[in-house]
Amino acid sequence: MKRSGAGVTDMNKVRADIIDGKAFAATLRQKVATQVTRLKAEYGIVPGLAVVMVGEDPASTVYVRNKERMTAEVGMNGHAFRLPADASETELLNLIGRLNADTAIHGILVQLPLPAHMDARKVINTITPEKDVDGFHVVNAGLLATGQEAMVPCTPLGCLMLLRDRLGSLAGYKALVVGASNIVGKPMAQLLLAEKCTVSIAHSRTRDLEAEVRQAEILVVAAGRAELIPGEWIRPGAVVIDVGINRIERDGKAVLVGDVAFEGAAKVAGAITPVPGGVGPMTIACLLANTLTACCRAIGASEPAELVA
Ligand code: NAP
């Protein structure tokens, strides 16, 4: 991809390229599966992922089921742990303690949200950082922020892979991340900074969001606000990564939309992820990649470069 003067891609193009996250994620899972086979053959080790769920939140149940299915599909060992909604925090912490000590488990994921009587921060920070495949532990956040080897949160890692695939080196690009959450916006900004982008972060108190968006050659939006960014704001040729997943009603039907108004944006951007089928599938694929990476680090095997940040 060539850089043009004002934007990122060919300014004469009438419609953005669609970044097919679904296909990219399928390829990534295939790469993970190949590496699982290698670890089995060379080390006699099968990566193990423990998924812990407390209660029966319907959305979480669907996510967890998908994670378990895809874990099995790439040849890893999935270990499911279900605690009742009224389980005590101590029970959960004890379970995490056992998983931390279990050498057959290389990755531990605690599905969020947790019931209100549990302190999610304390729970996450109880996971051994090396097994924290969600990358939410404060140690991993610190390692990422200081440019050290970390477990990187799955959604921003997936966005980074899509951007690298599209643009090659990201050095020098003007990047805007809309959203500053600990799980998406902040780690995304850290990753872009590490790639030598010039990074801005916008949030709910940003004074002139439009002016910020207009400057961005790379725009990553994770605000959780349906179609917050209209197409007219987008810099011609920009690469747009839409993390948002919002369920809204349109023409009497429930539909999923992103944080970017897709139709308008596709007329201006150089490339854009759709919702659904963009970032979403990358998140689970990166969870599997992180589990593989955690296993490689635990046993001293080489880490496949294309699976890490
Ligand atoms: P979050 O914790 O609610 O954070 C939202 C961020 O957006 C906050 O920093 C907030 O600012 C900012 N924000 C809210 N309204 C804004 C506005 N009008 N203008 C500018 N910034 C605004 O959300 P999250 O967990 O990061 O998730 C964000 C979205 O990504 C959600 O739609 C979620 O469903 C989706 N998501 C998708 C995936 C995936 O796999 N595709 C994974 C994770 C999340 P303040 O900090 O000032 O409050």
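In what order do the strands of the open sheet of 6 sit, and is the pairing parallel or antiparallel?

Modeller: Quick ground rules before we dig in. It's a predicted model, where local features need pLDDT of at least 70 and side-chain atom pairs count only at pLDDT 80 or more, while totals for chains, interfaces and linings use all residues. Residues are numbered from 1 along each chain as its sequence is written, and side-chain values use heavy atoms, with hydrogens and water left out.

Now, your sheet. Read across, the order is E1-E11-E8-E7-E5-E6, an open sheet with parallel pairing. Strands here are DSSP runs of E with at least two residues, helices are runs of H or I with at least four, and both are numbered from the N terminus. Two strands pair if DSSP finds at least two bridges between them.

Let's zoom in on the E6 end. E5 (residues 174-178) pairs with E6 in the parallel sense, over 5 bridges.

Next, the helices. H6 (residues 154-167) packs on the sheet and touches E1, E7 (218-221), E8 (239-242) and E11 (271-272); contact means heavy atoms within 4.5 Å. The direction of H6 makes about 160° with that of E8. For such angles, axes are lines fitted to C-alpha atoms (for helices, over the stretch in contact), and values run from 0 to 180 degrees between N-to-C directions. Helix H7 (residues 185-194) lies across E5, E6 and E7, and runs at about 170° to E5.

To put your sheet in context, have a look at another one. An open sheet of 3 strands goes E3-E2-E4, with parallel pairing. E3 (77-83) and E4 (107-110) are the edge strands here, each pairing on one side only. From one strand to the next, the twist averages 15°. E2 (residues 48-54) and E4 are joined over 4 bridges in the parallel sense, and Val 52 stands opposite Val 110 in E4. A helix packs on this sheet too: H3 (residues 89-101) touches E2, E3 and E4, and its direction makes about 180° with that of E2.
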